Amino acid sequence: TFRAGAVDQLRIWAEKSNTKILYHDNNADAAAVVFAALEEAKREKYDVLLIDTAGRLHNKEYLMAELHKIVRVVKKLDESAPHKSLLVLDATSGQNVFHQVKNFKEIAGVDGLIITKLDGTARAGFLVSLVEQFHLPIYYIGVGERVDDLGTFSAKGFADAILG
């Protein structure tokens, strides 16, 4: 992670979900943290390893370079990794998400989307053209901050909500 406070938030969610979390101090090299996590996941035979790269802005070159390094490190340990790369987008960002998807897809590959903040005024009609342009599925949508507020995306439900 990069975003201030993200580790604390992740620790809270890990406790709530009874999930192990591995992190280093805030100044640690992100790729080194990922390397250690992947080695532990392989050693302990974990089924799933989630790598949170929160706070990486597509217009911050040094953060995107760091993300590219993370992908290179992961591929050194497992050529087929990352197995699934999901980009979380804020529905209130509007047209800016097109630049985000383009840049993240180039640097880290993107297999699908998670859309958050659909609980406010964001109608998110731009998602139709986003999916059409980038040919990416939307897996989940978030409509709040509780665990139950993240749900599987339904195209019909989404269309009904936009059209009223």
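Guide: Gladly! A helix here is a DSSP run of H or I with at least four residues, numbered from the N terminus. Just after such a run, α1, Asn18 takes a positive phi of about 55 degrees. Please keep in mind that this is a predicted model.

Visitor: What makes Ala6, Val7 and Ala14 in helix α1 count as buried?

Guide: Buried means under 20% relative accessible area. In α1, residues 6–16, Ala6, Val7 and Ala14 are buried, so each falls under that cut-off. They cover an arc of only 95 degrees around the axis, and therefore lie on the same side of α1.

Visitor: Which exposed residues does the face of α1 turned away from its buried side carry?

Guide: That face carries Glu15 and Lys16. Exposed requires over 50% relative accessible area.

Visitor: How do you know that β2 and β3 pair?

Guide: Pairing takes at least two bridges. Strand β2 (residues 112–116) and strand β3 (residues 138–142) have three bridges, in the parallel sense, so they qualify as a pair. Ile114 stands opposite Tyr140 in β3.

Visitor: Why are β1 and β4 at the edges?

Guide: The open sheet has four strands in the order β1-β2-β3-β4, with mixed pairing. β1 (86–90) and β4 (150–152) each have a single partner strand, so one side of each lacks a neighbour in the sheet. Neighbouring strands are turned by 25 degrees against each other on average, direction ignored.

Visitor: Which strands does helix α4 touch?

Guide: Helix α4 (residues 96–108) packs on the sheet and touches β1 and β2. The direction of α4 makes about 165 degrees with that of β1.

Definitions and conventions: Residues are numbered from 1 along each chain as its sequence is written. This is a predicted model: local features need pLDDT of at least 70, side-chain atom pairs count only at pLDDT 80 or more; totals for chains, interfaces and linings use all residues. Side-chain values use heavy atoms; hydrogens and water are left out. Helices (H or I, at least four residues) and strands (E, at least two) are DSSP runs, numbered from the N terminus. Axes are lines fitted to C-alpha atoms, for helices over the stretch in contact, and angles run from 0 to 180 degrees between N-to-C directions. Contact means heavy atoms within 4.5 Å. Buried means under 20% relative accessible area, exposed over 50%, partly exposed in between (1.4 Å probe, protein chains only). The arc is that of the directions from the helix axis to the C-beta atoms.
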